Amino acid sequence: MIIGDMIAIMSEKIIRCLQPKAVAQKSFAKGEHLFHRDDPVRTLFLITGGCVNLVRYQLDGNQALLQRSTAGTVLAEASLFSDRYHCDAVAATATDAILVPVTEVLRLLEHDLIFAGEWMAHLSRELLSARKRSEMAALRTVSARLDAWIAWNDDAFPARGDWRGLADELGVSSEALYRELSKRRRCGHIGTLLRKAD
């Protein structure tokens with residue numbers, strides 16, 4: 001997984017309950033939208049391969065990364081009780097997903113206590129992750145954000161090819177992250193995680 005445990009993998013019980021309810025399986029090219037802001041919420045997307053960024057575009061044209069969904073996660077699960085999406089979902093890489101009607105998920109929540117319990121536990125983990133991202137975004141420097149990310153993901157530093165995703169997660173440019181990592185190498189503060197990633 002690219003981003004360590006910042007996005008918790010869905011429990012196997014949730015996946016086993018959702019897969020038989022799927023009505024379609026789709027593939028999306030890098031850069032393709034799975035949905036746009038204000039589209040009606042009719043299905044949940046269970047990501048089976050690739051990576052999708054959930055983004056909200058700001059007035060100044062910048063985008064805020066709200067979620068990175070990789071294989072084994074449900075995209076925008078908070079939309080389950082919304083009529084319309086509040087952001088855009090864009091494939092960060094070639095992505096595969098199965099689509100489960102919202103009505104089926106709501107039926108499971110109402111009638112399957114094990115599923116409902118697993119779903120609540122998942123949402124609690126997602127809330128914790130969102131709070132971590134919010135706390136990290138409040139940090140002013142790339143160095144402080146990277147330190148916080150490392151503290152939360154102590155054994156999951158991404159491989160060199162996935163550093164752009166890490167930059168997105170940190171809310172910094174790829175160049176700023178690369179400069180910080182280069183500085184840490186020069187100063188000898190590279191750490192075991194970065195050595196593993198090389």
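The legends below describe an overall view and several close-up views of a predicted model of a protein.

View 1. Of the contacts between residues at least 6 apart in sequence, 74% join residues at least 24 apart. The protein exposes about 10600 Å², of which carbon and sulfur atoms supply 52%.

View 2. A search of the whole structure finds zero disulfides.

**View 3. Asp 38 in the loop between β2 and β3.** Asp 38 is found in the loop that runs between β2 (33-35) and β3 (43-49), and, although Asp 38 is not a glycine, it has a positive phi of about 80 degrees. Most residues other than glycine have a negative phi. With a relative accessibility of 49%, Asp 38 counts as partly exposed, since exposed would require a value over 50%.

**View 4. Ala 76 in the loop between β6 and β7.** Ala 76 lies in the loop between β6 (73-75) and β7 (88-91), and the phi of this residue, which is not a glycine, is positive at about 55 degrees. Ala 76 is buried, because its relative accessible area is 4% and the cut-off for buried is under 20%.

Notes: Residues are numbered from 1 along each chain as its sequence is written. This is a predicted model: local features need pLDDT of at least 70, side-chain atom pairs count only at pLDDT 80 or more; totals for chains, interfaces and linings use all residues. Side-chain values use heavy atoms; hydrogens and water are left out. Contact means heavy atoms within 4.5 Å. Accessible areas come from the Shrake-Rupley method with a 1.4 Å probe; for residues, only the protein chains shown count as cover. A disulfide is a pair of cysteine sulfur atoms within 2.5 Å. Helices (H or I, at least four residues) and strands (E, at least two) are DSSP runs, numbered from the N terminus. Buried means under 20% relative accessible area, exposed over 50%, partly exposed in between (1.4 Å probe, protein chains only).
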